[in-house]
Amino acid sequence: MAPRGRTLLLPLAAATVLVASTIFLFAAAGARWRPADTGLPVPPRAVSAAAVPVTASASSNTTGARKELSFLDENGRPDDPGSGSGAGAARCDPRAAAVRVFMYDLPPEFHFGLLGWSPPSTGSVWPDLTSGAAAPPPRYPGGLNQQHSVAYWLTLDLLSSSSAPCGAAVRVADSRDADLVFVPFFASLSYNRHSRPVPPEKVSRDKALQEKLIRYLAARPEWKRYGGADHVIVAHHPNSLLHARAALSPAVFVLSDFGRYQPRVASLEKDVIAPYKHMAKAFVNDSAGFDHRTTLLYFRGAIYRKEGGSIRQELYYMLKDEKDVYFSFGSVQDHGASKASQGMHSSKFCLNIAGDTPSSNRLFDAIVSHCVPVIISDDIELPFEDVLDYSKFSIFVRSSDAVKKGYLMRLISGVSKQQWTRMWNRLKEVDKHFEYQYPSQKDDAVQMIWQALARRVPAIQLKVHRSSRFSRSDRGK
């Protein structure tokens, strides 16, 4: 070929190589791009961990570049799938979870030291709590306190999420990769243990912790980013977080009900209702149908209550002498949980009456006992009611109707064996949604709470995006 021809072809070949390289680079970048980079929530979908590598690689030098999606190992460090520990074990891709969660590393006083526990490694059989190498998780302090132990179970689930089979939530290492930011403060246990000042204290330890938490979060860039709107704080005991509620109200609260909250602080639109941990023994392999349950209507608990619970006293005097009705005082001190289990397991219907607050763990005791709940609480809010139809396995009665002479007995007695059996069968299908356990299982209480929180993410993002419409214009003023 003539020298002039070769001279013309060389720039053309170089240009071809440059274009091909550019296309390859854009394709590679596109493979790493994900909707989370835009700040939008990622809908859950099945993604193969082998097809999409999950690493904790460092950010590139390109302006605005971000880390690839990463999550934490069982020791709270960014996980490296290529490391020797647990190599070849099944990993959970964060994009396959319903929600990605960043958890603060709060000091032990906030969570009673639970963050210092490490779950079994990914190289072990999951979970292997029988071996000496895998210590079981520390127990939640016992007694009646357990009914409000929601924060414990969610924290435990996040600590083990990177080494467990894929669940509803996975813990991520970078808050920018997270849909939600979890605050591991055991507010209910703090109230149970530290709500009263111990001399020479003038301020209770519980109040001091709440004030310390407010200062901690206010200084965090994660809180400042969206004003706390994407934060999750569990305050399941009705009296917990009393001194910090208003200051932390932009966050999503996980509560038992709204009975002691102002509407501007907590609402069904913003927050999530979680079930109590049941105290009665779950009825496993229940074959005790209609004819085997000899008690028609059952209630055991405190009868004389203040505030909205005065109806208990009215119903007690109305029902205590009715045939096939058990209505008695009971407490945890007199083996109440054991006696309640026996009574509920042998009863067709179980009363759930408003007490000091609209809710109580008695409802969840009835559900796991497969005793059809009769709910008399006008202001009650129920866990997961956007996906569960409680009317399929419960009977709701207005308080004004319940105190009418003879009304309740006529209503309950009018339920046929066939109708009751349908509700009983439905109870046996839904009881799994109210079980707290480690490791969490598909659609149990822990994963149902995470799923409920995941359903809050689009509303949080909408609020954040609307509030930032004029942020650029305001900076230019």
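**Notebook: salt bridges**

I searched the whole structure, a predicted model, and the search returned 13 salt bridges.

**Entry: Asp-179 and Arg-100**

Where do the two residues lie? I placed Asp-179 in the loop between strand E2 (169-171) and strand E3 (180-183). Arg-100 belongs to strand E1 (residues 99-103). The pair therefore ties together parts that are 79 residues apart in sequence. Buried or exposed? I found both Asp-179 and Arg-100 buried.

**Entry: Asp-230 and Arg-225**

Next I took the side chains of Asp-230 and Arg-225, which meet in a salt bridge at 3.4 Å, N to O. I then checked accessibility on each side. Asp-230 has a relative accessible area of 3% and is buried. Arg-225 comes out at 31%, which means partly exposed.

**Entry: Arg-455 and Asp-386**

I also looked up Arg-455, which forms a salt bridge with Asp-386. Their closest N and O atoms are 2.8 Å apart. I located Arg-455 in the loop between helix H13 (445-454) and helix H14 (457-467). Asp-386 sits in the loop between strand E10 (372-376) and strand E11 (395-396). This pair therefore ties together parts that are 69 residues apart in sequence. How accessible is Asp-386? I read 54% relative accessibility, so Asp-386 counts as exposed. Arg-455 is partly exposed, with a relative accessible area of 32%.

How values were computed
Residues numbered from 1 in each chain as written. Predicted model: local features only at pLDDT ≥ 70, side-chain atom pairs only at ≥ 80, totals over all residues. Heavy atoms only, no water. Salt bridge = Lys/Arg side-chain N within 4 Å of Asp/Glu carboxyl O. Helix = DSSP H or I, 4+ residues; strand = E, 2+ residues; numbered from the N terminus. Buried < 20%, exposed > 50% of the residue type's maximum accessible area, 1.4 Å probe, protein only.
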